[in-house]
Every structure is written in C-alpha cells, then in structure tokens.
Amino acid sequence: MNKPKGQTAPRQGKKPYNGQQPRYTNSGDDVKIGDRIVVTIKRIGINGEGVGYYKRKAVFIDGALPEEVVKANVTKVEPTYLSAKLADIEKKSPDRVKPPCPVYESCGGCQLQHMTYPAQLRAKEELVREAFNRYAKLADLPLRPILGMDDPWGYRNKAQLQAGWANEQIITGLYSPGSHRLVDISGCPIQQPAINDVIAKVKAILSRLHIQPYQERSRKGTVRTVAARVSRQTGNVQLTFITASDKLPEKERLITAIRAELPNVTTIAHNINKADTPLVFGEETRVLWGEERLDEELGGLRFSLSPRAFFQLNPEQTVKLYDAAKEAAALTGSELVVDAYCGTGTIGLWLAPLAKEVRGIEIIPEAVDDARRNAELSGADNAKFYVGRAEKLLPEWVKRGTRPDVIVVDPPRTGCDRELLSAIAAAKPARLVYVSCNPSTLAKDCQVLLQSGYRLEWIQPVDMFPQTAHVECCSLLVLKD
C-alpha cells in the first residue's frame, strides 16, 4: 500500500509556483492555483493529510496536523475541495514531532511519523467515525477504543523493494509519491531489523557481483525487486529476487555469497516477471536453494509460506485483530462458519477450534492450496477450503439446505462485492464478522447490511500499521429478531 504523505514546510518567504509574491484571497469561489490561504486543520484524512475548510470548501494539506493554523499555497482547485501545499505553520500542534526516519519526507511509505503515537491512534478512531457519519449516516457509533502497540516501530515482517541505480550504486526502496524517483530506504525504522540487515548485505553482494538492476527505459539489467520475509517463530528469512528475464546472472556465485554472509536466509528464490505491470510478482517462481517454504506460527497455529503467499505484515497486531473476530463470532462448538474471503485461511483457522465446521472460499487457487496445507499443519480437520466466488458458492450451499451460523468477510480495500452482500442477506447468518482495511468501504457495506435486517453491535479498530494512515477494523453485525 503507497500513499501520499506529509511534506516539509518551505522557509518563510519562499516564492510560490508562479514566481510572484503570494496572492491572499478571502473568497472560496475565486481562489486560484498559487493563492496562499490560511486554514485551521480539523482532522486527518484517509491518506494522512490534514483536512480543514476554506470558505466552505474542504482543503487537503499534506503534513498539517489537527488544531494547527497553517498558511498553504493552493495547488489544485475543484468545485467542492482544494489541495494545497504547506507553506508555514502559524499555530503548531503539541502533537507534532520530528520524524525519526531521514527519508520520511520523500519515501511515501509512511504518512504520520510527524505525529505522536497517541495522536495517531486518536486520528484513526476519528477516520472510522467520519466514514460512518458520511457513508452510513451513523453519528452515534458503537466504536471501541483502538488497539495500538506498546512499541510502534520495527514491526513489518516483509519488504518488497524496487531495485535501481543512484550515484553509481545499487539501491533498493520505494518510489516517491507521484514520481518515478526511487528512494533508498536502508534501515527503515518500521521494518524488522533482520529485514534491514538482509537487504543491506544483499545490495552489497549484488554490487560486488555486478548484477544489474532492471532499468525500464533502456530495458537493460535484470533485478526488478528484492523481497525478504522473516519468520517471527524461527528468525529465518525467505529471500526472493524478482527479475525481468528468465535468467539470474551469476546465480551460483550469488547463492554462495548469500549462504556465507547471511546464515539466517533459509530460502533463495527466483521469480520471473517480464510483464509491464505494477504487480510485483510474476507467475513463475523457482527455489534456487534451501527450503521451499518459510515456517511461521501465530497464536498456536502453524503456517507454511511460499514466496508469493500472503501473510499479515504485523503478527503482534494480527493476534489482536483475530481475537476480536473470535469474540465477534461467539462460537460454542456447534456452528458452521463460512469465511468468504479466506485467502490462505488464517481467520478461518483461528476460529476452527471453537466451531463445528469452517468453510473457506477464495478465488485464487494457489491461496486455497496454502490454506489446505496450513489446515493440515495446524490439525484443523474441521476446516475445508474451496476455490470459487463466495457470491456463487454461498447461495448454492443454502439451496442445498446448508445455512451458515456465522459468516466472516475480510475483503480487499474495495469492499465486498454487492452480489455477495445480497447473498449474505439471503443466507441470514445470525452473526456477521466484517474485517476491513478501509473504513470508507466498511461504512458503505454496513449501510447495505443495516438495510438488510442487521444491527451493528460494535466496531473494534486495530492499528496494524503504525506511522501510516491505515486502520483495520473488526465489526460485529447481528441479525435482528
């Protein structure tokens, strides 16, 4: 997930875009690009930007914080909103801090490092309230306090970093928002230290062996992306090189060097992605050396992860999120649970020990294979996983007389398919557990479900990604009598 983020305020007196002194305006109707406006920031927006109002128009300003009074140069004018660039802070928020990351302003991976962590948590609760007020017309929301982290740093267990050149050196990082400029993120403070160590040594090895990063314009070079995932259980690392061609140059020397210098790397894999696509991985993956899969454990469950397998990036917070799902399901041992977007089966397997039967549905065959393998590893004999679309399989099961007691959904950011919402309403499970990574689509889908006979009991936000604007929620909806 790459999002826009805060920018540093230019020094006072810096000229705006047109090279002229700023034109101040008091009217929201005649504001123009380049005008300087004074705005009081009310809240944080979904991308981490400060949100205020100027003459009844919403104004979005990267880097501004709630309760701040700022001067900003207008960069975009639309009928209902303005975008502006922070120019000066007239009244500073007590929640403003210096970001610890040296490339925070240009990287784009984080959006809220300039904000104290308690303030981040308050802002994320407000994001959920705002979404439900806007899209579901629910002002009195049954919102629980957000579950944060004791230490909101060094939590990410996986990195997928683009490879490139800078100052005649290989770098790995992320593209700066709105550009194709690669920013090196060596030593990223939200990555687990083992990931940073592996990436740093891999860059040095690639440079020493003269293995070139792929360059899109010239179509020269090989390595597009370096991906590394660390197991919280074992400390082992799964390393994957994604290339633009079938061959990985100096393959044997590369393997030898990695084995000698990185003993915690237990898998070296090669994924091939020749396509001109924003997708990181291609369809073909070859394990060059080591274990086929990375072993991981979460709350007593065992998982075996292939290089392309999905697994939550913050294991500590995942336990809190899944425990909220377990509470919402309120299982007694007699229920049929349907996990409608099961992925690799994590939530379904979390619930399986307390259910009579779990059925997971997923459209991606490889993910279902992983889910079945994970069920076997965890001894979940009552969990079965099916390839297909939930909006098709669920009505078929109901038609055959199999009606779920609990349905769990954990959809992508776009929310549930409307056809699936209709299928859920027709199936009438007593409890619906909705896990969401997007408060806006969660609120929109809940509005549909509320109109279909459900009542919203509670929403539990969980801070899965500290220092970013993302917030996950687990919601319980109960069928009305």
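Reader: Before we start, how should I read the numbering and the model?

Author: Residues are numbered from 1 along each chain as its sequence is written, and side-chain values use heavy atoms, leaving out hydrogens and water. Because the model is predicted, local features need pLDDT of at least 70 and side-chain atom pairs count only at pLDDT 80 or more, while totals for chains, interfaces and linings use all residues.

Reader: Where is helix α2, and what span does it reach?

Author: Helices (H or I, at least four residues) and strands (E, at least two) are DSSP runs, numbered from the N terminus. Helix α2 covers residues 117-135 and reaches 27 Å from its first C-alpha to its last. The expected span is 1.5 Å times one less than the number of residues.

Reader: Which residues of α2 are buried?

Author: Buried means under 20% relative accessible area, exposed over 50%, partly exposed in between (1.4 Å probe, protein chains only). Among the buried residues of α2 are Tyr117, Leu121, Glu130 and Phe132.

Reader: What does the side chain of Glu130 meet in a salt bridge?

Author: Side chains of opposite charge can pair when their charged atoms come close. The rule here asks for a side-chain nitrogen of Lys or Arg within 4 Å of a carboxyl oxygen of Asp or Glu. Glu130 meets Arg43 this way, at 3.7 Å from N to O. Arg43 lies in strand β1 and Glu130 in helix α2, so the pair ties together parts 87 residues apart in sequence. Arg43 counts as buried, at 14% relative accessibility.

Reader: Which residues are linked with Glu130 in a network?

Author: Arg43 and Arg134 join Glu130 in a network of salt bridges.
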